[in-house]
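Let me put the thing up on the screen and we'll walk through it together.

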Amino acid sequence: MRSVPVIVSLIAAMILLSGNASASLYQISKVSGSVYAAIAEPNGKAASNALFVVTDHEVILAGAHFIQEGVKELLAEIGRITPLPVQKVILTHHHRGFNFIDFDFPEKAEIVASVNVWQALKGESREFRNPAVVFEKLLTLNRGKTSLVIMNAGPGHSSGDVIVYLPNERILFASDLLFHDTVGFMGEASIHEWGEALDMMETLAPAIVVPGVGKVSDSGAIEKFRKFYRAFMTEIIRNVEKGNSFVQTKKEFSLPQYKSLPGYDTFLEVNLERAYKQFKSRR
């Protein structure tokens, strides 16, 4: 099976060498009142979307895959909207083996992370210097009229994923548990648990959904990705139950209705390998 260093190299190539990097890494859009989405520009260096909330006395930023250049741009964009400082960063996940992402935040910014995310960060060779709040299952930040419910969804896209829900505005930031109109990286996924996370997010009935990759949408984006996810897993199960080897599975795997989606060919082999390995291990 594919080794961790190879997976790391693959993601790193996508983050740092994905086509012609645009001058701007994010497109900022107001989604509701004081809530803004930072949508990663296609084919740019930013690999994942972010969300930030302007409260009465601080800015709260949420997301993952934060490269130094991306943090600098986000701080500049936030500075054009408000003079308030970014005092909290909700880190929604971290891929092990990456010392160049998720470390270069403002030195006084407090990091909010689940136990899973914190363990992934502390396992890196680079020292993490920011103050941090580590929670186990759920943490709520009440800021005037705005509340942020931060939930540990557990393993899914990564070894541990966090979602952020704003109940008053009915806004869900799903981070990389949700890809909208694209096929994302599943090379570190917990296949069964990811499906459960999609079920949980749908029960929230959000009016506005900010995915990890893709444009801002509504709750229909969750169902749309769920359909792809089910089709992908069904095709893997079909091959496993036939007794096909991984090599044979790669030859027979077919999802023609999704083949035109961005990322399908790029991540096909690593996604297939991860899902095949997990289904085989549970038989």
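So, arginine 126: partly exposed, at 31% relative accessible area. Keep in mind that this is a predicted model. Arginine 126 makes a salt bridge to aspartate 104, and the closest N and O atoms are 2.4 Å apart. Aspartate 104 sits in the loop between strands E5 and E6, arginine 126 in the loop between helix H3 and strand E7, so this pair links parts of the chain 22 residues apart. And is aspartate 104 buried or exposed? Buried, because its relative accessible area is 17% and the cut-off is under 20%.

There are 16 salt bridges in the structure. Another one is glutamate 69 with lysine 45, at 3.4 Å between the closest N and O atoms. Glutamate 69 belongs to helix H2 and lysine 45 to the loop between E2 and E3, so parts 24 residues apart in sequence get tied together. Both ends are partly exposed: glutamate 69 at 38%, lysine 45 at 28%.

Then there's aspartate 265 with lysine 259, 3.7 Å from N to O. Here aspartate 265 counts as exposed, at 54%, while lysine 259 is partly exposed at 48%. Shared partners also join Glu58, Lys88, Glu110 and Arg143 into one salt-bridge network.

Arginine 143 takes us to the sheet, where it stands opposite threonine 146 in E9. E8 and E9 run antiparallel, joined by six bridges. The whole open sheet has five strands, ordered E8-E9-E10-E11-E12, with mixed pairing. E8 and E12 are the edge strands.

Key:
Residues numbered from 1 in each chain as written. Predicted model: local features only at pLDDT ≥ 70, side-chain atom pairs only at ≥ 80, totals over all residues. Heavy atoms only, no water. Pairing = 2+ DSSP bridges. Helix = DSSP H or I, 4+ residues; strand = E, 2+ residues; numbered from the N terminus. Salt bridge = Lys/Arg side-chain N within 4 Å of Asp/Glu carboxyl O. Buried < 20%, exposed > 50% of the residue type's maximum accessible area, 1.4 Å probe, protein only.
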